[in-house]
Amino acid sequence: MRTNRIQPTRRSILAAGVAGAATAVLAASGCAAGGTGTRRDGPKLDAGASATAVKGHLTVWSWDVAATALKRLAPEFERRHPGVTVDIVDIGYDNAYDKITVGLKSGKGLPDITTVEGPRVQSFIGNFPSGFYDLTALAGPYKDRFDQAAWRTASDEKGRVLALPWDTGPCALYYRRDHFQEAGVDPNALRTWDDYVRAGEQIKAKTGKKLLALDNAEDNTFLLLLQQQGQGYFKDGKVAVGTPQALRAMTLLKTLRDKDLIAFERGWDGYVTATKEGKIATAPYAAWWAGTLTGEMKELKGKFGVVPLPAFDAGGVRTSNNGGSLLAVTAQTGNARTAWAFTQFILADSANQVSMLQHEGLFPAFLPALQDPYLAKPSDYFGGQPVNKTFADLVRSIPRSTTPRTTRRRPSSSGRPTAACCCAARTRRRRSARRPSRSRPPPAARSPPRAMAVQTRTRAVLPHDDAPPQRRRLRLTHWVFAGPAAVLFVAFFAYPLGASLWQSFTSERDGATVWVGLAQYRRMLDDPVLLQSLVNTGLLLLIQVPVMIGLALVLAGVLNASWLRFRGGWRLMYFLPAVTTLVAYSVVFRVLLKTDGGAANQFIGMFGFGPVDWLNDTAWSRISLILSITWRWTGYNAVILLAGLQGVGREQYEAAAIDGAGAFTTFTRVIVPQLRPVILFCTITSTIGTLQLFDENYVLTRGGPDNATMTPVLYLYKVGFDQMDFGYAAAIAWVVVALIALVSLVQFRLLGRERA
């Protein structure tokens with residue numbers, strides 16, 4: 001039977017908006033740990049160079065359909081500029097901002113040009129003002145030819161243009177023609193949100209369909225409603241969720257929830273499934289949603305239409321924005337003139353912009369492209385409606401958000417991942433796992449006083465004056481051989497360890513590192529997400545570890561049985577999962593456990609059971625995580641226990657048989673007690689592995705739903721790399737280290753007692 005979704009409370013829909021607000025705070029405030037404290041501007045690219053300056057090789061970073069578009073258009077640029085070569089690198093959406101952040105912070109490793117989403121580029125501009133070329137002199141003449149909201153995103157508070165807008169996400173209301181006709185509702189009559197609510201009640205009464213789908217844990221509809229009113233998440237440098245505009249948006253969402261007009265789904269797959277199955281009648285989405293409909297729901301051709309968003313007041317604004325990306329020339333390029341020429345070729349050319357709309361679904365921010373006849377062509381999928389023309393007419397009326405561009409605040413710990421742009425929305429299901437890393441403290445905090453450093457080196461290398469010459473030469477020889485290993489140990493283990501400990505007592509404020517003492521550790525006591533992650537880990541320790549060790553013990557006994565044929569093959573087969581990479585097997589389990597079409601649901605369906613929402617239900621997601629970890633590590637522990645079993649003497653079995661003990665009694669009363677040290681080893685190592693759990697729950701559930709599978713290491717990754725709060729992340733890491741040390745102490749005590 002189908003599992004029931006967790007029905008949100010009346011306040012949960014408001015929580016979704018506040019959660020989204022925390023997300024945008026992070027995007028707009030930037031990475032607090034990433035700033036260097038300096039405000040040096042980046043290099044400028046002046047006008048006046050000849051066309052002969054366009055030469056050499058370019059490397060461009062992008063992802064998904066954006067990379068596809070660049071790869072398709074790059075050969076034409078190379079043809080127009082003989083001798084120029086362009087290498088488009090698809091770095092993947094999930095890895096993109098790790099790579100860009102590291103490159104900006106280290107000052108090396110970036111390409112000539114990189115793709116950046118709108119909210120992210122403002123973060124980078126605020127924290128790395130010297131990271132990108134100032135394109136004002138060359139891009140300035142194009143200002144009036146781009147969507148002004150997108151142009152503002154590409155500029156800093158000084159008016160410098162540091163990127164060129166690529167695509168934008170004008171929003172409208174997608175509706176199901178058949179549902180509206182059955183309910184007798186005219187979509188063109190939805191001029192205000194009050195009209196929309198009344199229509200929703202009528203549609204639900206006549207058809208039983210909900211009005212729209214939302215994710216109560218992570219949704220950007222609240223931001224869409226804010227931007228429609230010309231407000232972002234900030235106002236006058238403060239988080240603005242108590243403004244009249246925010247209250248109107250929250251009231252609308254609460255009204256929709258109270259009238260039971262919202263179908264609550266989990267993530268991108270939930271949105272797509274709800275739309276495909278006809279659960280909802282409308283979708284207030286951006287232009288890129290049309291590409292999702294035509295690409296993934298071809299069977300629904302002719303059933304959708306598009307009208308402008310309802311306004312908050314009669315005659316008010318009837319659109320918003322959701323998405324948008326830019327191309328930026330990095331300050332690390334050695335070929336800035338050619339990089340600008342390529343950026344100009346891609347983004348300031350109507351033919352190329354229309355081509356990317358036609359082939360990749362990227363809606364142009366370049367206004368002249370919106371006048372192309374292609375946008376006025378009727379769409380067969382939308383019943384002959386010229387959908388692109390509808391969105392093109394809305395672009396110029398997108399309100400300009402009042403969010404400050406470079407407000408620098410320390411991110412809170414409750415943020416969720418940023419609302420993705422059109423490219424990110426199409427890649428939500430293509431997630432790749434990343435491991436956490438730590439940021440290094442400022443140079444001033446890293447270098448000891450020179451005299452102390454010299455004194456330390458002297459004590460470490462020079463022999464005592466009264467030692468014999470042969471002994472001094474012997475000690476020197478020791479250091480010659482041990483020196484390289486010692487250098488590597490200090491550089492890649494001891495120093496990062498000490499730096500992260502130091503960083504856990506600091507915080508980044510206005511680009512400067514500030515000593516805060518134990519504030520980061522005290523902050524954990526009031527962090528519900530961290531506490532939930534510890535509870536989740538405790539559940540895994542209490543349920544998964546004993547089950548896995550028990551299964552491994554039984555499996556080891558079977559593999560050690562004399563009657564088992566082909567024992568070598570069986571042992572290899574059960575050990576193979578341990579050789580599989582963590583990411584690979586997690587991806588396989590994600591495919592197997594898909595709600596729609598997954599092998600697990602197909603199997604239980606053969607016995608008459610309905611599909612189970614393995615990854616989106618709180619209880620089932622935990623069970624799915626336990627199943628995947630158990631599959632991966634049971635064979636590994638079984639092999640270790642098998643080695644212990646083979647160390648039990650034959651006389652033990654014979655003595656038990658003489659005493660009349662059966663196979664079960666012999667195993668439980670004679671063999672298992674002798675395996676106690678091995679069982680203890682497997683239990684402790686499995687416990688440590690559980691405390692460090694990251695890959696499986698990141699790939700399977702990303703810590704959801706509702707943080708049901710969040711673990712401390714995954715949370716410190718989100719704090720460090722989504723919120724850019726490296727001080728708090730380092731503190732969490734040291735708490736994990738302390739927990740592991742405590743468990744190790746228990747191990748040593750128990751093993752010592754056993755040996756005694």
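This is a predicted model: local features need pLDDT of at least 70, side-chain atom pairs count only at pLDDT 80 or more; totals for chains, interfaces and linings use all residues.
A residue counts as exposed when its relative accessible area is over 50%.

**View 1. Phe566, an exposed residue with a positive phi.** Phe566 reaches 65% relative accessibility, so it counts as exposed. Look for Phe566 in the loop between α21 (528–559) and α22 (567–579). Its phi is near 55 degrees, a positive value in a residue that is not glycine. As background, most residues other than glycine have a negative phi.

**View 2. Asp64, a buried residue with a positive phi.** Here is another non-glycine residue with a positive phi: Asp64, at about 50 degrees. Asp64 belongs to helix α2. Is Asp64 buried or exposed? With a relative accessible area of 10%, Asp64 is buried.

**View 3. Helix α2 meeting helix α14.** This view brings together α2 (residues 64–80) and α14 (residues 350–360), whose axes come within 10 Å and cross at roughly 130 degrees. The two helices are therefore oblique to each other. The crossing of α2 past α14 is right-handed. On the α2 side, the meeting residues are Val65, Thr68, Ala69, Arg72 and Leu73, and on the α14 side they are Asn352, Ser355, Met356, His359 and Glu360. Sorted by class, the residues of this contact are 4 nonpolar, 4 polar and 2 charged.

View 4. Glu76 is partly exposed at 26% relative accessibility, and Arg80 is partly exposed at 44%.

**View 5. A salt bridge between Arg248 and Asp313.** The side chains of Arg248 and Asp313 form a salt bridge of 3.0 Å, N to O. Arg248 sits in helix α10 (residues 244–258) and Asp313 in the loop between β10 (304–308) and β11 (321–329), so the pair ties together parts 65 residues apart in sequence. Arg248 is partly exposed, with a relative accessible area of 35%, and Asp313 is partly exposed too, at 43%. Across the whole structure, a search finds 15 salt bridges.

**View 6. The contact of helix α27 with helix α28.** Helices α27 (residues 663–674) and α28 (residues 676–691) pack at about 65 degrees, and their axes are 4 Å apart. The two are therefore roughly perpendicular to each other. Val672, Pro673 and Gln674 of α27 make the contact with Arg676, Pro677 and Ile679 of α28. By class, the residues of this contact are 4 nonpolar, 1 polar and 1 charged.

View 7. The bond from Gly704 to Pro705 is cis, with omega near -10 degrees. For context, most peptide bonds are trans. Where is Pro705 found? Pro705 is in the loop between α29 (695–700) and α30 (712–722).

**View 8. Helix α9, mostly covered.** In α9 (residues 221–228), 8 of its 8 residues are buried. Among them are Phe222, Leu223 and Gln228. Just after this helix comes Gly230, with a positive phi of about 80 degrees.

Technical notes
Residues are numbered from 1 along each chain as its sequence is written. Side-chain values use heavy atoms; hydrogens and water are left out. Buried means under 20% relative accessible area, exposed over 50%, partly exposed in between (1.4 Å probe, protein chains only). Axes are lines fitted to C-alpha atoms, for helices over the stretch in contact, and angles run from 0 to 180 degrees between N-to-C directions. Angles under 35 degrees count as roughly parallel, over 145 as roughly antiparallel, 65 to 115 as roughly perpendicular and the rest as oblique. A crossing is left-handed if the near helix is turned anticlockwise from the far one by less than a right angle, and right-handed if clockwise. Contact means heavy atoms within 4.5 Å. Ala, Val, Leu, Ile, Met, Phe, Trp, Tyr, Cys and Pro count as nonpolar, Asp, Glu, Lys and Arg as charged, and the others, Gly among them, as polar. A salt bridge is a side-chain nitrogen of Lys or Arg within 4 Å of a carboxyl oxygen of Asp or Glu.
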